[in-house]
Amino acid sequence: MAANEAHLPVWKRPLPEDPRLARQAQQLREEHLNLDPRPPDEMMETVMRPTTRAPLAFWLIWLLLGGGVLTLGIVWLIQMIGCIGIVGISRPVMWAVYIANFVYFIGIGHAGTFISAAFRALKISWRGPISRAAELVTVFGLTTAALFPMIHLGRTWKGYYLIPYPNGRGLWPSFHSPLVWDLIAITTYLTCSTLFAYLSILPDVAMARDRATIPWRRRFLEVFSLGFSGTEGQWATLNTALNVFTYALIPVMFSVHTIVSWDFAMALQPGWHSTVFGPYFVVGALFSGAAAVIIVLALVRKFMHLEYFIRKEHFNGMGLFLLILSLTWAYFFFNDYLAPWYGKAPADVALSMRFERGLGAPYWYLMLFANIVVPWSILWNRRWRTSLPLLLTVAVFVNVGMYLERINIVAIGLGINELPFDWGVYRLQLPETLITIGAFSLLGFLFFLFSRLLPIIPVWEVQEGQQEEELRHEGAGMVVTRGTGE
Amino acid sequence: MVNDQTSQTLPEHKWTMVVDLDRCTGCSACVVACHAENNVPIVNEDQVWRGRSIHWIHLQRYWEGDYPQKQARFIPTMCQQCAKAPCEPVCPVYASLHSTRQNLNLQVYNRCVGTRYCENNDPYKVRFFNFYPPRFDPPLEQQLNPDVTVRSLGVMEKCTFCLQRINRAEQAALSEGRALRMDEVIPACVQTCPPSALMFGDANDPNSPIRQVINGNRYRSFRLLESLGTEPAVVYLKGGEAHGGQ
């Protein structure tokens, strides 16, 4: 490559003259986003286009999701006004779908920040276009999850008793209770991950602000961008702040889902009282969360026409990550299953009977099929895991499987306890079904709203990645070199 | 207030109940007595089918043997007033808490927010949740006990060992400046039990009848799910073949 060409931007550099090298270079550029930069204007245009123009179908689906959210609100209100009794819970199954939903949405929320923060800490080169979608899954997932402890309360209007607020009676929440740890952990995580997502969004908000033409949108973005203009000093501050959050969030992430698992593991209930629940829940959360990120990425790529940004390499990476998580989950599941099986305590035996041959069997076997058989049989093959429909199928299966895992633990497992006279069965009722549908709608609703306001791909992170990597001609072929990142 | 000034001097109690399974006939008089004394709401048939019946004391029935030698066995079950109660630490708002002086598990109804965690963590499943506002079919509403709160929608409730009776007897003894006599304190279920299968008293007092009964029946006494280490205050005496009778 001639010396003067090195100063040209990559998209203007000619391919090598040797046809073999040219083919190699072209192939590498197609595969890796970092080797295939485009002019900044073009990239921004691609990212901003979907925020300004939306097809009719988008608004229809958005309205439908809005209807779901409204249903959630109405059913919740009905439930508060007089009858928590309309839901299916009954003695002894005092927690059911609401708490399963809570754990599920927290779990979804887990992977987002983990993927973003851990990939940033490990300097994984292809993380660029994934991080924003992942962080949003976290923020919106946690927002949805935070509703459920409130929805499930017998007296929602007294829910503030759980908050440590100073009061004349000197009453505080009981710090012995896992529910209070939970409250603290979740508010910490929600605050941190919202700030983390917001910080990494700032440069994009500023970019969107400079390109906005509609006055109200411009005004909104001006306020939202906090006056970020991209000076040297601002970038340095932003990077420091992001680094602090990156390293702070990873331990917070581990602690949060461990604490969620303690809601169960600290209890005397057979099937819950397990020392392996901490890591088991953390891995389960990452597992369902990573699958959720894949679903979001696939949908965003298809419907917002972001094929340039989200490529096979990203699905390949996420597919591998999902496979590793599936293996780890299976390991913890086996651990959690083996010890009670070997111990043969009467209540534990009754519990495994309910799952293996009883009324829990359909859910239990479907969970194992979705969480182990499906990912293992597809994700090992690079061709299959980079095929979008196949990967999407696996991701959906994993989410179904992980949802069922929570249902199994909470709603079905609670039916068996130490005294057989008190055994019971939980029956799902309409209000819980509607509220669950409403919760999924809320997640989608927030995503749809966001996708029309701000760019879903962090352009600046993609460009940063592209500046770090370069294609060079060394020896017999083309090689990728990485800069120091400075 | 009497209580505030003298709470330091009030004696400690270890309220204990003995259930003699050999005497229990499963007549359910205790259940009815408890409903009447403690304003336990009446749950309609549909809700009972859904497992939402509320009985602070209820009879667990187990079948033993095969036909034609099949026998019903009863275990009257109420809150076990554990010394180390699993339901207490899990409550986030101190609605379920321990009285160290009385050795009882208290339930503060107006503090309860209804997380229902206590019921999940209760191995005996003797805590009950108000899924609907309390209902008393006429004329039952006219015999509500003024000493006992009628619990509202969305809170947990459970057996208190008739705390209102204990308090009333203690206050009376205090105002008369004498020690509490054991025959003054008697919960509704114990008072009612026709075959005297239930006994109640303070196990801290070495001369109390309840101590005599426990000491005299050590060979057939057990506590429910003792292995969990909850240290229940209810002592069961085995019935049936355990000591040669039927």
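Me: What is the mean pLDDT of chain B?
Reply: The model is predicted; local features need pLDDT of at least 70, side-chain atom pairs count only at pLDDT 80 or more, and totals for chains, interfaces and linings use all residues. Residues are numbered from 1 along each chain as its sequence is written, while chains are lettered from A and ligands numbered from 1 in the order in which they are written. On pLDDT, the predictor's confidence in each residue from 0 to 100, 93% of the residues of chain B reach 70 or more, and the mean is 89.

Me: Over which residues of chain B is the pLDDT below 50?
Reply: Where pLDDT is low, the predicted coordinates should not be read in detail. Contact here requires C-beta atoms, placed from the backbone, within 7 Å. Beyond near neighbours in sequence, the stretch below 50 has three contacts in the model, and it covers residues 1–6 of chain B.

Me: Which element of chain A has the lowest mean pLDDT?
Reply: Elements are DSSP runs numbered from the N terminus: helices (H or I, at least four residues) and strands (E, at least two). Chain A averages a pLDDT of 88. Helix α12 (residues 361–379) of chain A has the highest mean, 95, and the lowest, 75, belongs to strand β2 (residues 477–482) of chain A.

Me: How many residues of α4(A) are buried?
Reply: Helix α4 (residues 97–121) of chain A reaches 36 Å from its first C-alpha to its last. A residue is buried if 20 or more other C-beta atoms, placed from the backbone, lie within 10 Å of its own, exposed if 12 or fewer, and partly exposed in between. α4(A) is mostly covered, the buried count being 23 of its 25 residues.

Me: At what angle do α4(A) and helix α9 (residues 277–303) of chain A pack?
Reply: Axes are lines fitted to C-alpha atoms, for helices over the stretch in contact, with angles from 0 to 180 degrees between N-to-C directions. The two helices are roughly perpendicular (65 to 115 degrees). Their axes lie 7 Å apart, at an angle of about 75°.

Me: Why does Arg385(A) count as buried?
Reply: Arg385(A) is found in helix α13 (residues 382–385) of chain A. Leaving aside neighbours within four places in sequence, its contacts include Phe315(A) and Leu391(A). Arg385(A) counts as buried because the number of its C-beta neighbours inside 10 Å is 23.

Methods
Contact = placed C-beta atoms within 7 Å. Expected span 1.5 Å × (residues − 1). Parallel < 35°, antiparallel > 145°, perpendicular 65-115°, else oblique.
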